[in-house]
Amino acid sequence: FWLKSAAISTVMASLSAEVVSMTKDTAEWRTRRAWNAMRVSDFEIAAAEVQRAIFLDRDRSDLFQLQGDILLNLGDVKAAQSSFQKSVMLDRSSASSNRRLVWVTVVEGVREMKSGEFHTAITRLRYAEDNAVALYLQAVCEARRDSKEARDRALRLVDKCITLDPSCADAFVLRGHLCLSKGNRSEAKAAYWRTFELCPNHPHVQGFLAQLQKEATKLYEAAFALVFKQKYFRALDCLAEALDAAPKHPQALLLQACLRRRLGRFESAIGDLEYCSSLCRVDLRPQVLRQTALTYHSLSKALFDSGNFRDALTVASEALSFDVSDHALFVSRGDAYLELADFEAAVHDFRSALTLKTDDHQIRGRLAKAHHCLGAAFYNSGMFEAAVVELSQALQHAPETEVLYLHRGHAFMHVDAEEDAYRDFQKVAMLRGEHASYGVALQAQFEPKARMAAVLGQRMRSKASSQPIPIDRLLRKMEDAREKILHS
């Protein structure tokens with residue numbers, strides 16, 4: 001008995017599996033017939049075949065998706081939406097079914113909106129909450145209901161739409177209209193400007209933005225006139241109004257940056273210039289780069305005057321990254337290098353500045369000072385030949401500076417160039433009016449040059465070898481000497 005029961009169970013299981021297999025094969029066969037009917041545009045036969053396939057296998061989401069496609073071709077949008085919903089319920093990860101369902105929902109929502117059924121359209125469109133178009137249409141329906149609460153809901157919906165799709169120009173237009181209806185003019189203008197960026201020829205913003213642009217241009221011209229009258233704060237007020245009307249007016253941004261630089265508001269000026277650079281026309285870009293360099297230059301000078309030489313050096317280098325044709329930028333960085341005792345870098349910058357403006361006596365004085373400091377550093381390090389070279393370079397730019405001859409004479413003594421040292425000391429004596437007689441007496445006493453140099457060397461060598469050149473005092477002397485040169 002038990003043996004017969006087991007045999008019967010085995011046979012029944014095999015028969016059941018075979019029936020299921022036949023059923024699935026029949027569903028596949030019906031599906032192929034539906035596809036063949038769709039290829040020849042016989043959608044009624046295709047609908048009948050896919051309906052039979054669904055009857056045989058109700059767990060396949062692709063069959064309901066196929067049925068929805070066929071129903072769409074037959075023009076039955078509501079039935080197609082129902083089929084797509086069933087497909088999504090069976091397989092929520094199916095992107096194609098979700099996309100079709102959203103599309104059908106939007107189409108039905110638009111149809112209901114055109115017929116004035118806004119409440120029904122909103123209810124239907126809520127099935128597609130994660131779709132930007134559906135959110136936008138919901139916002140349109142809420143806006144048309146014309147109540148404060150409905151406008152608030154519309155504004156929230158359009159903000160969600162913009163979050164999902166920041167390139168939807170119509171959503172920004174709707175946001176601008178809603179903000180205007182609430183009296184929020186600044187946000188409305190921002191929305192319209194964003195629409196202009198996305199679609200410059202959008203019909204809903206052309207007139208409004210043209211009016212704003214004209215208003216901003218008039219305010220910019222008024223500010224420009226106030227600048228020539230040196231009424232800078234009133235000019236800034238005009239520019240603030242202009243930028244409130246047209247936030248991306250490049251000329252207004254550029255002029256505002258210039259004024260802020262002149263008033264010492266360097267960070268705000270740099271922010272204006274960076275923003276202006278991101279949106280200005282090609283013909284304005286050289287002016288933006290020039291103003292950026294000048295702003296960094298002014299900031300570098302302010303840092304230098306406050307004793308913050310390291311930051312002044314960094315900012316001066318930043319200025320030179322925007323403009324290398326201005327000698328003043330090299331001078332500012334050279335001054336910072338000089339204060340930080342980087343004399344070689346200072347010499348390089350002052351030479352670059354002198355190349356750009358060869359007739360500038362102040363640059364020559366700074367270059368002489370840098371060579372002098374570098375020569376003193378070499379002297380104090382025992383590199384006397386290098387000190388002679390640097391001090392000679394300094395004398396080319398400041399030839400009547402007493403301290404340069406004095407220090408070079410000390411350096412000559414250490415390289416056994418007593419005759420050259422004597423000539424430098426004699427020059428020192430000639431430049432010192434109160435000691436001029438000392439030089440004449442010295443020359444009369446030691447007639448032969450060799451003896452003169454030897455005796456003078458014996459007199460000066462011990463003093464020169466034991467005393468380093470004090471750079472701090474040297475800098476002060478060079479400043480006095482440079483002032484004398486400029487005065488002469």
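1. Just beyond helix 21, aspartate 416 adopts a positive phi of about 60°. Please bear in mind throughout that this is a predicted model.

2. Helix 21 itself has 13 residues, which should span 18 Å at 1.5 Å a residue; its end C-alpha atoms lie 19 Å apart, in agreement with that figure. The helix is mostly covered, with eleven of its 13 residues buried. Among them are the nonpolar Val403, Leu404 and Phe412, but also His407, Arg408 and His410.

3. Apart from neighbours within four places in sequence, arginine 408 is in contact with Val388, Leu391, Ser392, Leu395 and Asp424.

4. Leu404 of helix 21 is buried and also belongs to the largest nonpolar core, which has 48 residues. Together with Leu299, Leu338, Ala346, Phe350 and Ala370, Leu404 touches the most other members of that core. Helix 19 (residues 361-380) supplies the largest share of this core, namely eight residues. A second, separate core comprises 37 residues, including Leu157, Ile162, Phe172 and Leu178.

5. Helix 5 (residues 95-114) contains 20 residues and reaches 29 Å from its first C-alpha to its last, close to the expected 28 Å. Its buried residues include Leu101, Val104, Val106 and Met113, as well as the glutamates Glu108 and Glu112. The buried residues of helix 5 pack against helix 3 (61-74), helix 4 (77-90), helix 6 (118-125) and helix 7 (132-144). Glycine 116, which follows helix 5, has a positive phi near 85°.

6. How many disulfides does a search of the whole structure find? The search returns zero. For cysteine 161, the closest cysteine sulfur is that of cysteine 168, at 4.4 Å; a disulfide requires sulfur atoms within 2.5 Å, so this pair is too far apart for a bond. Cysteine 161 counts as buried, at 0% relative accessibility. Cysteine 276 is likewise buried, with a relative accessible area of 1%.

Definitions and conventions
Residues numbered from 1 in each chain as written. Predicted model: local features only at pLDDT ≥ 70, side-chain atom pairs only at ≥ 80, totals over all residues. Heavy atoms only, no water. Helix = DSSP H or I, 4+ residues; strand = E, 2+ residues; numbered from the N terminus. Expected span 1.5 Å × (residues − 1). Buried < 20%, exposed > 50% of the residue type's maximum accessible area, 1.4 Å probe, protein only. Contact = heavy atoms within 4.5 Å. Core = buried A, V, L, I, M, F, W, Y, C linked by side-chain atoms within 4.5 Å.
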